[in-house]
Amino acid sequence: MVRFSRVALAYPDPRGRGGTEVLRDISFTLGEGSFTWILGPSGAGKTSVLRLMQAALRPTQGEVELLGIPLSGARRRDLPPLRRRIGVVHQEFRLLAHLSAWDNIALPLRLAGTAESTVRNDVAELLDWMGLAGKEERRPAELSGGEQQRLTIARAVVTRPALLVADEPTSELDARQARRTLALLAEMNRQGTIVVVATHSEDLPARHPARMLALEGGRLVSDG
Ligand SMILES: Nc1ncnc2c1ncn2[C@@H]1O[C@H](COP(=O)(O)OP(=O)(O)OP(=O)(O)O)[C@@H](O)[C@H]1O
């Protein structure tokens, strides 16, 4: 479960003081097995909500509870194991430049101590699904923007996380690849992953109707 209770967030200003609030009074609960779209125009606060959902930030006010862990009470050492249960598709990819496509996808499994035979199977299956077969040895810089985005998605889902948080995961993809990505997210959700996808476009939600949380100016303006 993911629960936001009266959450506010301010990024510190460059002098280290509390800056202006970018999220205000946000409350919602995402249950087990849920699929949720986060909608809103550029600057509405979607990425900021997703950063809280990755335990990358703590709220300035209110409480965020992720997979049973309230962030306010979490100690520093509680955060890495929590983050390992959360798959993240970053808007800016954040692939490791010195690793091949294969090793980028394999890394989260290896960090989790997965047997190498399982790593081989799971990475090969995802490379194939994401249309990256044949590009295993390429480094991220040798891939197109769309290929890098598909690699990022494969890396986020390979551990079958309890929570998957994706920020504009199809922004670089053509229509067919976007459909395949959506099918993958829907299948993960059917298998029990809580899926949260932020997008400014209404095309994707139209293809996979689910709960929509709409943000505007840092506030939750509709939930339905
Ligand atoms: N690290 C940061 N430091 C200061 N302000 C930030 C930071 N990141 C985001 N903001 C501000 O917070 C507000 C919300 O930004 P956020 O990135 O969450 O919006 P968004 O809805 O994801 O936008 P986009 O669709 O353009 O990615 C914006 O006003 C932005 O300028």
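Welcome! Start by selecting helix 3 and helix 4: these two helices cross in a right-handed way. Keep in mind as you look around that this is a predicted model.

**Stop 1: helix 3 and helix 4**

Colour residues 101-111 for helix 3 and residues 116-129 for helix 4. Their axes lie 10 Å apart, and the helices pack at an angle of about 135°. With that angle, helix 3 counts as oblique to helix 4. Now show the side chains where they meet. From helix 3, pick Trp102, Ile105, Ala106, Leu109 and Arg110; from helix 4, pick Val119, Asp122, Val123, Leu126 and Leu127. What classes of residue make up the contact of helix 3 with helix 4? Eight are nonpolar and two are charged, with no polar residues.

**Stop 2: the two domains**

Domain 1 is made of 2-85 together with 161-223, while domain 2 covers 97-159. How far apart are the C-alpha centres of domain 1 and domain 2? The answer is 23 Å.

Next, look at where the domains touch. Domain 1 brings twelve residues to the contact, and domain 2 brings eleven. On the domain 1 side, select strand 7 (163-167) and helix 6 (175-190), each of which supplies at least two residues. Helix 6 gives the most to this side, with four residues. Sorted by class, the domain 1 side has seven nonpolar, two polar and three charged residues.

**Stop 3: helix 5 and helix 6**

To see the contact, show Gly146, Arg150, Ile153 and Val157 in helix 5, then Gln177, Thr181, Leu184 and Met188 in helix 6. This contact holds four nonpolar, three polar and one charged residues.

**Stop 4: around the ligand**

You will find Tyr11, Val22, Gly40, Ser42, Gly43, Ala44, Gly45, Lys46, Thr47, Ser48 and His200. Which helix gives the most to the shell around the ligand? Highlight residues 46-53: this is helix 1, which contributes three residues.

Methods
Residues numbered from 1 in each chain as written. Predicted model: local features only at pLDDT ≥ 70, side-chain atom pairs only at ≥ 80, totals over all residues. Domains from an automatic or database assignment. Contact = placed C-beta atoms within 7 Å. Nonpolar A, V, L, I, M, F, W, Y, C, P; charged D, E, K, R; others polar. Near = placed C-beta within 6 Å. Axes fitted to C-alpha atoms, helices over the stretch in contact; angles between N-to-C directions. Parallel < 35°, antiparallel > 145°, perpendicular 65-115°, else oblique. Left-handed = near helix turned anticlockwise from the far one by under 90°.
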